[in-house]
Amino acid sequence: MAITLLLLAGCSPAKQYLQADTSLSKAGFVSHYSDTTARYAMMNLLPPGRMTFRLAPDGSKIYLYSDPIGCGCVYMGDQSSYETYRSRNPGIPTLDDMAAEIRRDTTAWDWSAWTPSADPGSNQPKHMIGAYW
C-alpha cells in the first residue's frame, strides 16, 4: 500500500508546477494569486506551465508563468528575473517562441485586473479554482 502511494505521488500532475514554483521564486518572480474572477480569466489566457510575456503599459516586458494547478496564480517577473530563471533552466521557451504565442493570442491582456485596487474586498466575489467563497 505504501509503495503504491509513493508511486502515485511521483505521478502527480502538480509536480511540474511545484518544481517550477520554487525555481521561479528563487529567480525573483512574484506570485499573484488568481483570487478574483477577472484574474482567474486572465490566468487562463496564458499557456499553463510555460513562460511567456506581455507588454506592460510602459512598453517593458513582464514575464509571466501561469500555474493553474500548483498555486492558482501567475508568476510575474522583469527582465532580470527572466535572465536568472533562464540561466538555471535552459529548456524554457525563447523570446521568439514567446512572441509567436503572443501573436496567436488575440485577447488583450488587462493589467488593471492585477493592480492593488483590484484586490478583492469584503464585498467582491473571490474566485477559487472550482468554487467561490
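The entries below go through the strands, then a disulfide, then some aromatic rings.

**Entry 1: what I am looking at.** I noted that this is a predicted model, in which local features need pLDDT of at least 70 and side-chain atom pairs count only at pLDDT 80 or more, while totals for chains, interfaces and linings use all residues. Residues are numbered from 1 along each chain as its sequence is written, and side-chain values use heavy atoms, with hydrogens and water left out.

**Entry 2: strand β4.** I took helices (H or I, at least four residues) and strands (E, at least two) as DSSP runs numbered from the N terminus. For burial I used relative accessible area, with buried meaning under 20%, exposed over 50% and partly exposed in between (1.4 Å probe, protein chains only). Is strand β4 enclosed or open? I found that five of the five residues of β4 (residues 73-77) are buried, so this strand is largely enclosed by the rest of the structure. In a regular strand the side chains alternate between the two faces of the sheet.

**Entry 3: which strands pair.** I counted two strands as paired if DSSP finds at least two bridges between them. Strand β1 (residues 30-33) pairs with β4 in the antiparallel sense over four bridges, and within this pairing I noted Met76 of β4 as the bridge partner of Val30. Strand β3 (residues 61-67) also runs antiparallel to β4, and five bridges join them. Here Ser66 has Val74 of β4 as its bridge partner, and Asp67 stands opposite Cys73 in β4.

**Entry 4: the turns.** The hairpin of β2 and β3 has five residues between the strands, and in it Gly59 takes a positive phi near 95°. The hairpin of β3 and β4 has five residues between the strands, and there Gly72 takes a positive phi near 65°.

**Entry 5: the disulfide.** Which cysteines are joined by a disulfide? With a disulfide defined as a pair of cysteine sulfur atoms within 2.5 Å, the count comes to one, and it joins Cys71 to Cys73 with 1.8 Å from S to S. The torsion about its S-S bond is about -60°, so I wrote it down as left-handed. Cys71 counts as partly exposed at 22% relative accessibility, whereas Cys73 is buried at 0%.

**Entry 6: the aromatic rings.** Rings of Phe, Tyr and Trp (its six-membered ring) pair if their centres lie within 6.5 Å, and planes under 30 degrees apart count as stacked, over 60 as edge-to-face and the rest as tilted. By this rule I count five aromatic pairs. One of them is Tyr63 with Tyr82, which is stacked at 4.2 Å centre to centre with 5° between the planes. This pair links distant parts of the chain, as Tyr63 lies in strand β3 and Tyr82 in helix α4 (residues 79-88), 19 residues apart. Tyr63 is buried at 0% relative accessible area, and Tyr82 is buried at 4%. Ring pairs also link Phe53, Tyr63 and Tyr82 into a cluster.
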